[in-house]
Amino acid sequence: MAGLAQAAALVALLAVTWKPLGDWMARVYTDTRHWRVERLVYRVCRIDAASPQRWTTYAAGVLGFSFVSIVLLYLMQRLQAFLPLGFGRGTDGATSVSPAMAFNTAVSFATNTNWQSYVPEQVLGHTVQMAGLTVQNIVSAAVGMAVAVALVRGFVSHGATGDDEGGRIGNFWVDLTRGVVRILLPIAAVAAVVLVATGVVQSLRSGVDVTTVDGSVHTLALAPAASQEAVKELGTNGGGILNANSAHPFENPNPLSNLLEIFLLLVIPVALTRTFGVLVGRVRQGVVLLSVMGGLWALFLAATWLAELHPNGPAALAAGGAMEGKEVRFGIPGSALFVVSTTGTSTGAVNATHDSLTGAGGGVALLNMLLGEVAPGGVGSGLYGLLVLAVIAVFLAGLMVGRTPEYLGKKLGRREITYAAVSILVMPAFVLIGAGLAIALPGTAGALGNTGAHGFSEVLYAWASAANNNGSAFGGLTATSDVFQAGLGLAMLFGRFVPMLAVLALAGSLARQRRVPAGAGTLPTDGPLFAGLVGGTVLLVSALTFFPALALGPIAEALS
């Protein structure tokens, strides 16, 4: 009953904020006025805020900004010894981060992945954590939101009116600035204060000495955890400032903070469906996408909860559930709620060890990422990922009835379907090829914490987490070698930016089209039939693509 009450409270909070936050974000991205602080940013950075961009210029802004972010974060880690609040931390006895690990971390946080192959409280000082990682938590999320809004503008555009105006999808720098200033920073600031009130630590000290009952003295690491925790969840980032992440009592001390953190990682992806409905002029269109997200989330939550309450093995059965790797203060319901929400978004934060999940529970977490993280998905990436799948669903329906597919008044021809196909095929390619190559490497066996089906799941999970920009890990795989650092880093890069480029190309193609009125043969896309079609497409694409790999890992383990 306590678990059901938590889930009900979470859904109620999301329902209460869905309309006001969704409407606010719609106003943010359509407002013709600029705030004073925004005008200051434009002036300093020499941005022409009144100039809309074609998709190629918009994409250049995304890539250029992300490249500079990666370089700056890499340099901050390599030069950590010269920064304040470094506390002499680093890798391999040095006071800086090694090149391979610095590359992996810089790519990870700039791509909104936040995969961490290091112990934060031993490797990174507070300056890099705050000025590097926390900043990237905010701006990488704003990039995802900007791309999602650009795709929506492609649908709502009335088509070309001349060579100088056709195919414009907005201004990336304006969208980025507004996402940071008007949405992410205000919510994160309030959330950080609330987290401090629940008991989350916020300190610039390196640690505190405590005396245990046997008289020995231990040093507990301290950090500005509340500010990092707020943005890591709100921006669906997931990287912890402490190694145990949201299982650490300094980051997530009690069930109340746990519920708040789950709410933060879901609230913007959920509210963006309302934003989409408002921007296209038909709120029911957003409700359809919300129903697909919510249905998948509820299905996976029930499956995970059931799997963890009814595990195999005498020890777990005697304990009344699979409590290994879970915090007693959260229990199975609070842990399952976090597992499904963090893998259904691109967050990657954890409040339990995913490596200790049952075969079926771990399989659900893995499948949740392999769906493309659309239940409800990351900040921005969830919306544009589901819209791409909706385009595919409309195309399949058009094939069945023999009509040219249309979605929101735009025809979907060969070019649009090609862009959509590229967007959804990149991730499976990197997951399956990367996992296959990693398994073939002779050194991988020594890096695994388990053998057999579970060991295979550890490798598959790592590549699924990287290519989907999730960042969570099973925990049994030691991915600190240069090969893993480079390989996973490249998977994060391509898994983030190739789909983004395809989405922006799709937005540009749609923006050049004139809207066509709905006819008698137009597929209705604002009802339960279309919701079922989109949900079926999501499951079908993943089932056909990943079933053989899942059969070798979590399915085999669950049946053993």
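Glu 229 and Lys 232 lie 3 residues apart in helix 8 (residues 225-234), so about one helical turn separates them. Helices, here and below, are DSSP runs of H or I with at least four residues, numbered from the N terminus. The structure is a predicted model, in which local features need pLDDT of at least 70 and side-chain atom pairs count only at pLDDT 80 or more, while totals for chains, interfaces and linings use all residues. Residues are numbered from 1 along each chain as its sequence is written, and side-chain values use heavy atoms, with hydrogens and water left out.

The side chains of Glu 229 and Lys 232 form a salt bridge, with 3.2 Å from N to O. A salt bridge is a side-chain nitrogen of Lys or Arg within 4 Å of a carboxyl oxygen of Asp or Glu. Glu 229 is buried, at a relative accessible area of 0%, and Lys 232 also counts as buried, at 0%. Buried means under 20% relative accessible area, exposed means over 50%, and partly exposed lies in between, for a 1.4 Å probe and protein chains only.

Leaving out residues up to four places away in sequence, Lys 232 touches Asn 137, Asn 237, Gly 238, Gly 239, Gly 240, Asn 245, Ser 246, Glu 251, Thr 347 and Ala 349. Contact means heavy atoms within 4.5 Å. Gly 402, by comparison, is 170 residues from Lys 232 in sequence and 46 Å from it in space, C-alpha to C-alpha.

Across the whole structure, a search finds 12 salt bridges. One of them joins the side chains of Arg 284 and Asp 526, at 3.9 Å from N to O. This pair links distant parts of the chain, with Arg 284 in helix 10 (residues 283-309) and Asp 526 in the loop between helix 18 and helix 19 (528-552), 242 residues apart. Arg 284 is exposed, with a relative accessible area of 51%, whereas Asp 526 is partly exposed, at 26%.

Helix 10 also takes part in another such pair. Lys 326 forms a salt bridge with Glu 308, and their closest N and O atoms are 2.7 Å apart. Here too the pair links distant parts of the chain: Glu 308 belongs to helix 10, and Lys 326 sits in the loop between helix 11 (314-319) and helix 12 (331-344), 18 residues apart. Lys 326 is buried at 9% relative accessible area, and Glu 308 counts as buried at 1%. Elsewhere, Asp 31, Arg 33, Glu 38 and Arg 182 are linked in a network of salt bridges.

The account now turns to the nonpolar interior. A nonpolar core is a set of buried Ala, Val, Leu, Ile, Met, Phe, Trp, Tyr and Cys residues joined through side-chain atoms within 4.5 Å. The largest such core has 105 residues, and those with the most contacts inside it are Leu 10, Val 62, Leu 151, Ile 268, Phe 276 and Tyr 407. Helix 6 (residues 126-156) supplies the largest share of this core, 14 residues. Setting aside residues up to four places away in sequence, Ile 268 touches Leu 21, Met 25, Met 145, Ile 183, Leu 184, Leu 234 and Val 379. Apart from this core lies another, of 45 residues, which includes Ala 102, Val 431, Ala 447 and Trp 463.

Gln 77 is buried, with a relative accessible area of 0%.

The axes of helix 17 (residues 452-467) and helix 18 (residues 482-511) come within 7 Å and cross at roughly 40°. Helix 17 is therefore oblique to helix 18. Axes are lines fitted to C-alpha atoms, for helices over the stretch in contact, and angles run from 0 to 180 degrees between N-to-C directions; angles under 35 degrees count as roughly parallel, over 145 as roughly antiparallel, 65 to 115 as roughly perpendicular and the rest as oblique. Helix 17 contributes Ala 462, Trp 463, Ala 466 and Ala 467 to the contact, and helix 18 contributes Phe 484, Gly 487, Leu 488, Ala 491, Met 492 and Gly 495.

Conventions: Helices (H or I, at least four residues) and strands (E, at least two) are DSSP runs, numbered from the N terminus.
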